[in-house]
Amino acid sequence: MKDAAPQPTLLADYAPYPFTVTGVDLTFRLSPAATRVLSRVAFAPNPARPGRHDLRLDGERLALLSARIDGRAVTPAEDAAGLTVAADDLPEGPFTWEAEVEIDPVANTALEGLYMSGGMFCTQCEAEGFRKITFYPDRPDVMAPFKVRIESGLPVLLSNGNPTGAGKGWAEWTDPWPKPAYLFALVAGDLVAVRDGFTTRSGRKVDLAIWVRKGDEDRCAYAMDSLRRSMKWDEDAYGREYDLDVFNIVAVDDFNMGAMENKGLNIFNSKLVLASPETATDADFERIEGVIAHEYFHNWTGNRITCRDWFQLCLKEGLTVFRDQQFTSDMRSAPVKRIEDVLTLRARQFREDMGPLAHPVRPESYIEINNFYTATVYEKGAEVIGMLKRLVGDDGYRRALDLYFDRHDGEAATIEDWLKVFEDATGRDLGQFKRWYTDAGTPRLSVSEAWSPGKEGGTYTLTFHQKTPPTPGQDVKPARVIPIAVGLLNPNGDEVVPTGILEMTEVTQSFRWEGLATRPVPSILRGFSAPVVLDREVDAKERAFLLAHDTDPFNRWEAGRALAKDALARMICQAAEPSHALIDGLGAVLADDGLDPAFRALCLALPSEDDLAQTLHDAGAVPDPDRIHAERLRLEAAIARRLEPALERVYAAMATPGAFSPDAASAGRRALRLACLALLSRIDGGERAAVLFETAGNMTESAGALASLIAAGRAEGALAAFHDRWKGNRLVIDKWFALQPALCAPEAAAGVAERLSRHPDFDWKNPNRFRALLGGLSANHAGFHAASGASYRFCADWLLRLDPVNPQTAARMSTAFQSWARYDDGRKARVRAELDRILATPGLSRDLTEMAGRIRGADA
Ligand code: BES
Ligand code: ZN
């Protein structure tokens, strides 16, 4: 029997909850397979919803043992999603609801609600996991102070807020700040703490602790340091202080996401806490710093001010991503961070926005909210705030944010509230700007230029035209306001007009500069000032000029990237030879020791195969994954041959002798070193990589060398040695699982993944391990899209296997299929068959049904 189709939730249907909650008291009697949860919730009529209303509480998979209202037993009507007490059975004024339920944390493999990980109890409640713990109005606009008592024989018992009592076998926690249920957390286990402290600028002493399993204490120092720097930064940059006496972080091995901002008790995927030079790469360190900051910053943007409903998710996530990006650019290199963020935006968000999963930054309907924690909500949500800041200026931004914190502290707010503080603080009308939140799709911006010389100097005109392709459910796209940062250079590379922001508001609009001595070279969309695709035919000479001379580092990198894309497109489509202009331009950057090594490393990396496939598709071609792969390899080999001496010199010069330091400068040197190695490995058969693998003293170089060896097809011994050395370390073994399918030859990828899936270490119920293997395979563009369809089948098989166990992670991983409509009919038919097979499976989760259905819709 097929279940009834799940009903979408609509933004338009929002209504306030009929009751307010003035206090929550919870008691947990922990037991792995039979935990008792006692709740006492004080309700009062909500003046925003006059009249008498039923009491509706969310609840899933709970065994209700008893229920009372004001001490009197009641028998609510239960269904699969919760329970209802009829209005007639409720007192007229405030009342207290009491219930006892039993839940089974061991059986909870979905990792949502209260579950077990490695012998410890932990929770994940966002978005709608609290309803798997007890009956409650599980929605973010119901905020209340919580008191929690935990009873358990385990030594460490943690919850939100401040500790307010403890004895043998119990502990009590009190969180004075009203919060929605999704920020509730509980942890109990045999854990050890790494401790430190922080004094806020008003003098509050905060005890900081990172809780890990015994043996992991020596890998917490970087996370702790990042936390302290985050706390300081939020005071300095936003005037935001911490507001409790303790701040706890717990690392867990089984976690669907990266990390979670529960009030005073952040819970982290252990891969985003634990790091040592031997086990973590530079990229891991940077990610840990950023995610620690992100979750900490949620204390104000998310927790003190939360979201009215889940449609407003970008209100906390887009803003908090923007804030963590600002933090990282302050801690490290701003231009390098900007390039990294744009690379992620294009790889994840543009791809989403151009395919069947496109949706607005603020969606208007969803079936399963967990499917909307997307690159669009997060990364585009952050870009939209960056544009706002560009339009109102730094001062305007600061005033608007101060007003936001003042006006909405303690509230559950909306995007309308957010835009209103900007309007009130700056006097600007943001009516048109709001389209960035409501309209899906990536605008394409085309440009033409005109030059007319004159006696008083020439006039230069740029004419822009914007067009946003239709997205599912949104055919018509009115013009948006687009901040376009432009600077002008003269032909000898001097900047004649410094960066200014052009505010485009029309479909077609021209901007003029007068009195110029010579025809300038424009540098358009500096710093990637808006998340758009810039369509501009530029010849290789001008791109090479900008790669050599642009004073805006982002556009300097962008010029090299465009040059590489053009060259590759010609190699793929017209059998052209590798471009000497490109190689020599890259050679000049490589050899320029005045440039930041991290920046040089980014310039040396060619566009990804997936990026090239999208570019070719946009140009009206049908991308051939094998050809893209082969030509990209051929270009890398040509670069390596022509630049070998310089690559060799820089490779040697970028060694980082002495003790390992994860700082940005050292990491940049290693990044450049490994970029040189990757290219050299294309012509030396992996000779140098083999030497580095033997001698590497840190994980960055060890994993980097291993990656080059896999790509060179001579990694067998190294893989065995690596596994043998690290078999006790889950996080390092995840790398071992990810690198092989990601970097092996495309024709081998499905087989490699298949073999790894039978490895005794393939603990597929662990989300990190599952993502390592399937994410690794789908990162191998030509391997994933092998014409045989073997990888498609492998992925579909595993999604179907995981779905009943952990639907959230299965649904997330199904995005591997999202770009299928780009390819040829043969491949499309194979993907369609797999999606149909998934969709026809009886009992498929709501999560995967929604995702596979939306992806399938692409080319129905
Ligand atoms: N609030 C989220 C975690 C979350 C997301 C929980 C979805 C439940 C469902 C957290 O703040 C977050 O955004 N985490 C990111 C990392 C962050 C640095 C972007 C994550 O987990 O990937
Ligand atoms: Zn977040």
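**Close-up views of a predicted model**

View 1. Ser270 sits in the loop that links strand E21 to helix H2 (282-297); helices (H or I, at least four residues) and strands (E, at least two) are DSSP runs, numbered from the N terminus. A quick note before going on: this is a predicted model, where local features need pLDDT of at least 70, side-chain atom pairs count only at pLDDT 80 or more, and totals for chains, interfaces and linings use all residues. Residues are numbered from 1 along each chain as its sequence is written, chains are lettered from A and ligands numbered from 1 in the order in which they are written, and side-chain values use heavy atoms, with hydrogens and water left out. With a relative accessible area of 2%, Ser270 is buried (buried means under 20% relative accessible area, exposed over 50%, partly exposed in between, with a 1.4 Å probe and protein chains only). Setting aside neighbours within four places in sequence, Ser270 touches Ala251, Val252, Asp253 and Leu731, where contact means heavy atoms within 4.5 Å.

**View 2**

**View 3. The partners of E21.** Two strands count as paired if DSSP finds at least two bridges between them. Strand E19 (residues 246-252) runs parallel to E21 and is joined to it by five bridges; Val252 has Asn269 as its bridge partner in E21. Strand E20 (residues 259-260) runs antiparallel to E21, with two bridges, and Met260 stands opposite Ile267. The E20-E21 hairpin has four residues between its strands, and Gly264 there takes a positive phi near 70 degrees.

**View 4. A four-stranded open sheet.** The strand order is E10-E11-E16-E13, and the pairing is antiparallel. E10 (113-117) and E13 (156-159) are the edge strands, each with a single partner, so one side of each has no neighbour in the sheet. From one strand to the next, the twist averages 20 degrees. Zoom in on E11 (residues 120-124) and E16 (residues 186-189) and you find an antiparallel pair with two bridges. Cys122 has Val187 of E16 as its bridge partner.

**View 5. Helices H22 and H24, side by side.** Two packed helices are described by the angle between their axes and the distance between the axes. H22 (residues 790-802) and H24 (residues 825-839) pack at about 10 degrees, with their axes 10 Å apart. Those axes are lines fitted to C-alpha atoms, for helices over the stretch in contact, and angles run from 0 to 180 degrees between N-to-C directions. The two helices are therefore roughly parallel (under 35 degrees is roughly parallel, over 145 roughly antiparallel, 65 to 115 roughly perpendicular and the rest oblique). H22 passes H24 in a right-handed crossing; a crossing is right-handed if the near helix is turned clockwise from the far one by less than a right angle, and left-handed if anticlockwise. The H22 side of the contact includes Tyr792, Ala796 and Leu799, and the H24 side includes Arg830, Val831 and Ile838.

View 6. Leu719, Phe722, His723 and Trp726 of H17 meet Val732, Ile733, Trp736 and Gln740 of H18.

**View 7. Helix H12, enclosed by other helices.** Seven of the 10 residues of H12 (residues 609-618) are buried, so the rest of the structure largely encloses this helix. The buried set is Glu609, Asp610, Asp611, Leu612, Ala613, Gln614 and Leu616. These residues pack against helices H4 (334-353), H9 (553-574), H13 (625-653) and H21 (781-784). Just after H12, Gly620 takes a positive phi of about 90 degrees.

View 8. Taking a disulfide as a pair of cysteine sulfur atoms within 2.5 Å, the count is zero. Cys603 is in none, and the nearest cysteine sulfur, that of Cys676, is 12 Å away. Cys603 is buried at 8% relative accessibility. For Cys795, the closest cysteine sulfur is in Cys744, 13 Å away and too far for a bond. Cys795 is buried as well, with a relative accessible area of 2%.
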